[in-house]
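Subject: Structure handover

Hi there,

Here is the structure I promised to pass on. My notes on it follow below.

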Amino acid sequence: MNDCIFCQIRDGKIQAKFFYQDEDVMVFPDIHPRAKTHLLIVPKKHIPEFIFVEDENLREKLFHTVQQIINQAGLKDNRYQIRINGGGLQDVDHLHIHLLGPITAA
Ligand code: 5GP
Ligand code: ZN
């Protein structure tokens, strides 16, 4: 997917400051943070959205990565929120999990 922003980040064509990455997933800050910490947890494989995750291992890996990043980002006891947009609500058609925190009262 040549025109996909997150594929371009994966391929080093668009800059991002990686918080974590391995062969399957990458984690980097959202360019427009909506909380003090706002990270995107993204599979390296181009999967258009949540509903299309079919690989059990990847599903497990994503879940586990989110748990680890919550700890590493210091959000464990700190009012975090996980958000996945899909079904047309998303702006970027490459699956990503938003991790935000601490969420303060409006
Ligand atoms: P969505 O609405 O698709 O769930 O969220 C997409 C997110 O990607 C938005 O919060 C937006 O700020 C973020 N984003 C869009 N382009 C870039 C980019 O080039 N770099 C980074 N780090 N984040 C981006
Ligand atoms: Zn992509």
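H96 has an N or O atom in its side chain that is 2.7 Å from an oxygen atom of ligand 1, a polar contact in the sense of N or O atoms paired within 3.5 Å. D30 does likewise, with a side-chain N or O atom 2.5 Å from an oxygen of the ligand, and for H98 the separation between a polar side-chain atom and a ligand oxygen is 2.8 Å. On its own, ligand 1 would expose 520 Å², and the protein buries 87% of that (accessible areas by the Shrake-Rupley method with a 1.4 Å probe).

Before going further, please keep in mind that this is a predicted model: local features need pLDDT of at least 70, side-chain atom pairs count only at pLDDT 80 or more, and totals for chains, interfaces and linings use all residues. Residues are numbered from 1 along each chain as its sequence is written, chains are lettered from A and ligands numbered from 1 in the order in which they are written, and side-chain values use heavy atoms, with hydrogens and water left out.

Back to the ligand. The shell around ligand 1 has 16 residues, of which D30, R34, D91, H96 and H98 come nearest (a residue is near if one of its heavy atoms lies within 4 Å). By class, eight members of that shell are nonpolar, five polar and three charged; here Asp, Glu, Lys and Arg count as charged, Ala, Val, Leu, Ile, Met, Phe, Trp, Tyr, Cys and Pro as nonpolar, and the others, Gly among them, as polar. Both α1 (5-10) and β2 (25-29) supply at least two shell residues each, and α1 gives the most, with three (helices are DSSP runs of H or I with at least four residues, strands runs of E with at least two, numbered from the N terminus).

Two backbone details to finish. The peptide bond joining G101 and P102 is cis, with omega about -15 degrees, and P102 sits in the segment after β5 (97-101). R79, although not a glycine, has a positive phi of about 55 degrees; R79 is found in the loop between α2 (56-72) and β4 (81-83).

Best wishes

Conventions. Polar contact = N/O pair within 3.5 Å; in protein donor to acceptor, adjacent residues only side chain to side chain.
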